[in-house]
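Visitor: I'd like to learn how to read a structure like this one. Could you take me through it, feature by feature?

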Amino acid sequence: AAMNADANWLRDQIHELRAKTDKPFGVNVMLMSPFVDEVAQVVIDEQVPVVVTGAGNPTKYMKAWGDAGIKVIPVVPNVKLAKRIEAAGADAMVIEGMEAGGHIGKQTTMALMENVLPQIKSVPVLVAGGISDGRALAAALLMGAAGVQMGSRFLLTEECPANPAAKEAIVKATDTDSVATGYSRNLGVRCLANAFTDAYTAREIAGAPKELSLIHISEPTRPEPIS
């Protein structure tokens with residue numbers, strides 16, 4: 001996961017990974033990152049086998065990645081971007097509904113399957129968002145998907161280094177315990193509801209400036225203050 005990290009950090013991570021395995025791997029490029037241009041070049045320089053993108057439109061980078069022999073699998077939240085991705089030569093795509101954890105779009109997984117799957121024919125389409133067991137996988141396959149992507153489910157695995165308290169909160173959560181924040185700023189994020197999300201949502205509803213509702217409220221949870 002390249003996250004918001006710069007090129008040097010990502011390059012070090014790739015080198016560390018290659019020192020531990022000779023198996024194929026992928027890099028997730030978050031297109032909202034301020035370092036996205038340099039990160040996009042690093043995956044070429046390092047001959048990364050697979051790139052998965054999210055939180056934006058990756059088409060400006062896709063030709064260069066394809067020319068470098070990189071498999072490109074964007075995550076897309078709507079029909080319009082799905083068609084652009086297909087035309088740009090993606091090797092596959094993931095359509096992700098708003099039921100997903102983390103950054104989300106504004107359409108449900110079912111709506112995306114209904115609208116995207118009949119229209120995208122030239123590349124495999126995987127489905128994500130609320131997929132947590134074999135029944136959901138079977139439903140996606142029945143709708144015409146090539147497969148599924150699962151994320152939140154694996155937070156509970158022994159291999160995942162998430163904080164044990166976070167894992168316990170997920171296990172104890174009910175079907176109504178998640179919340180989506182940031183929708184009014186076009187930055188929707190799904191997470192478990194807690195005191196932090198309550199305060200965040202209150203500021204968002206009150207119309208607080210982006211810097212107050214989206215950034216500085218998170219300072220107590222960060223290792224270093226934001227300048």
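Predicted model: local features only at pLDDT ≥ 70, side-chain atom pairs only at ≥ 80, totals over all residues.

Visitor: Which residues is isoleucine 73 in contact with, leaving aside its neighbours within four places in sequence?

Guide: Contact means heavy atoms within 4.5 Å. With those neighbours set aside, isoleucine 73 touches Val50, Val51, Val52, Thr53, Ala92, Met93 and Val94. Take Val94 from that list: isoleucine 73 and valine 94 are 21 residues apart in sequence, yet 7.0 Å apart in space, C-alpha to C-alpha.

Visitor: How do I read the sheet, and what is the order of its strands?

Guide: Strands of a sheet pair through backbone hydrogen bonds, either parallel or antiparallel. Two strands pair if DSSP finds at least two bridges between them. Here you have an open sheet of six strands, in the order β1-β2-β3-β4-β6-β7, with parallel pairing. At the edges are β1 (26-30) and β7 (147-148), each of which pairs on one side only.

Visitor: How many bridges join β3 to β4, and how many join β4 to β6?

Guide: Strand β3 (residues 71-76) and strand β4 (residues 93-96) are joined by two bridges and run parallel. In β4, valine 94 is the bridge partner of valine 75. On to the next pair: four bridges join β4 to strand β6 (residues 125-128), again parallel. Valine 94 stands opposite leucine 126 in β6.

Visitor: And what happens between β6 and β7?

Guide: Those two pair in the parallel sense over two bridges, and valine 127 has valine 148 as its bridge partner in β7. Together, β6, helix α6 (residues 134-143) and β7 make a right-handed β-α-β unit. A crossover is right-handed if, with the strands pointing away from the viewer, the path from the first strand over the helix to the second runs clockwise.

Visitor: Now the inside: how many residues has the largest nonpolar core?

Guide: A nonpolar core is a set of buried Ala, Val, Leu, Ile, Met, Phe, Trp, Tyr and Cys residues joined through side-chain atoms within 4.5 Å. Buried means under 20% relative accessible area, exposed over 50%, partly exposed in between (1.4 Å probe, protein chains only). The largest one here has 39 residues, and those with the most contacts inside it are Leu10, Val27, Val43, Trp65, Met93 and Ile95. Helix α2 (residues 36-45) supplies the largest share of this core, five residues. As for isoleucine 95, its contacts beyond four places in sequence include Val76, Leu112, Val116 and Leu126.

Visitor: How many aromatic pairs does the structure hold?

Guide: Rings of Phe, Tyr and Trp (its six-membered ring) pair if their centres lie within 6.5 Å; planes under 30 degrees apart count as stacked, over 60 as edge-to-face and the rest as tilted. The structure holds two such pairs. The rings of tyrosine 61 and tryptophan 65 have centres 5.6 Å apart and planes at 25 degrees, so that pair is stacked. Both residues lie in helix α3 (residues 59-67), four residues apart, about one turn of the helix. Tyrosine 61 is buried at 11% relative accessible area, and tryptophan 65 is buried at 0%. Phenylalanine 196 and tyrosine 200 form a tilted pair, 6.4 Å centre to centre with 35 degrees between the planes. Phenylalanine 196 is partly exposed at 34%, whereas tyrosine 200 is buried at 9%.

Notes. Residues numbered from 1 in each chain as written. Heavy atoms only, no water.
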